[in-house]
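Look over the sequence and the model before reading on.

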Amino acid sequence: MAQAPDMDADGVLDYAVGAPGCSTEELKNAGCVHIYSGATGAELEVIMGDEDGYWLGEFLVTDLEAGRLYVGTKDWRKGMGRVDAYEARPSSEPSTANARP
C-alpha cells in the first residue's frame with residue numbers, strides 16, 4: 001500500500017493497494033493496483049496488468065511532488081523487472097484516474 005497522488009483531482013491525496021496475484025478469466029497472475037479515494041475510501045480505479053505472469057503491483061512508489069505513482073514488478077520477462085508511471089489528472093479533467101504507462 002502507498003499514498004498516491006490526487007488521482008481524482010478532489011484536493012485530497014489518494015491510496016494505492018497492489019495485488020500482484022490478481023487474475024482475470026483471460027490473464028493469470030497479471031496483477032492489479034486498486035486506487036482508493038483519500039476523502040471517501042471509495043474505489044476510484046483498478047489498473048490491471050496486461051499479460052499472464054505480469055505481477056503488476058509488487059512495488060508501489062509515489063512522487064507526490066510530480067503527481068506520479070510508479071507501479072512495478074520484479075519478474076516481468078523472465079527476471080527483467082518493469083516500472084510503469086501513472087499520472088494524476090489535472091483538476092480541469094474528469095475525476096477518474098488517468099493511467100499512462
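Which residue forms a salt bridge with arginine 68? The model shown is predicted. In it, the partner of arginine 68 is glutamate 87, and the closest N and O atoms of the two are 3.2 Å apart. This pair joins distant parts of the chain, its members being 19 residues apart. The salt bridges come to 2 by the rule used here.

**Glutamate 87 and arginine 68**
- Glutamate 87 belongs to strand β7 (residues 80–87), while arginine 68 belongs to strand β6 (residues 68–77).
- Glutamate 87 has a relative accessible area of 25%, and because buried means under 20% and exposed over 50%, glutamate 87 counts as partly exposed.
- Arginine 68 is also partly exposed, with a relative accessible area of 27%.

**Arginine 82 and aspartate 84**
- A salt bridge connects the side chains of arginine 82 and aspartate 84, at 3.0 Å from N to O.
- Arginine 82 is partly exposed at 21% relative accessibility.
- Aspartate 84 is buried, with a relative accessibility of 6%.

**Aspartate 14**
- Aspartate 14 is part of strand β2, which covers residues 14–19.
- Aspartate 14 has a relative accessible area of 0% and is therefore buried.
- The side chain of aspartate 14 comes to 3.4 Å from the backbone nitrogen of aspartate 8.
- Leaving aside residues up to four places away in sequence, aspartate 14 touches several others, including Ala2, Pro5, Met7, Ile35, Tyr36 and Leu44.

Definitions and conventions: Residues numbered from 1 in each chain as written. Predicted model: local features only at pLDDT ≥ 70, side-chain atom pairs only at ≥ 80, totals over all residues. Heavy atoms only, no water. Helix = DSSP H or I, 4+ residues; strand = E, 2+ residues; numbered from the N terminus. Buried < 20%, exposed > 50% of the residue type's maximum accessible area, 1.4 Å probe, protein only. Polar contact = N/O pair within 3.5 Å; in protein donor to acceptor, adjacent residues only side chain to side chain. Contact = heavy atoms within 4.5 Å. Salt bridge = Lys/Arg side-chain N within 4 Å of Asp/Glu carboxyl O.
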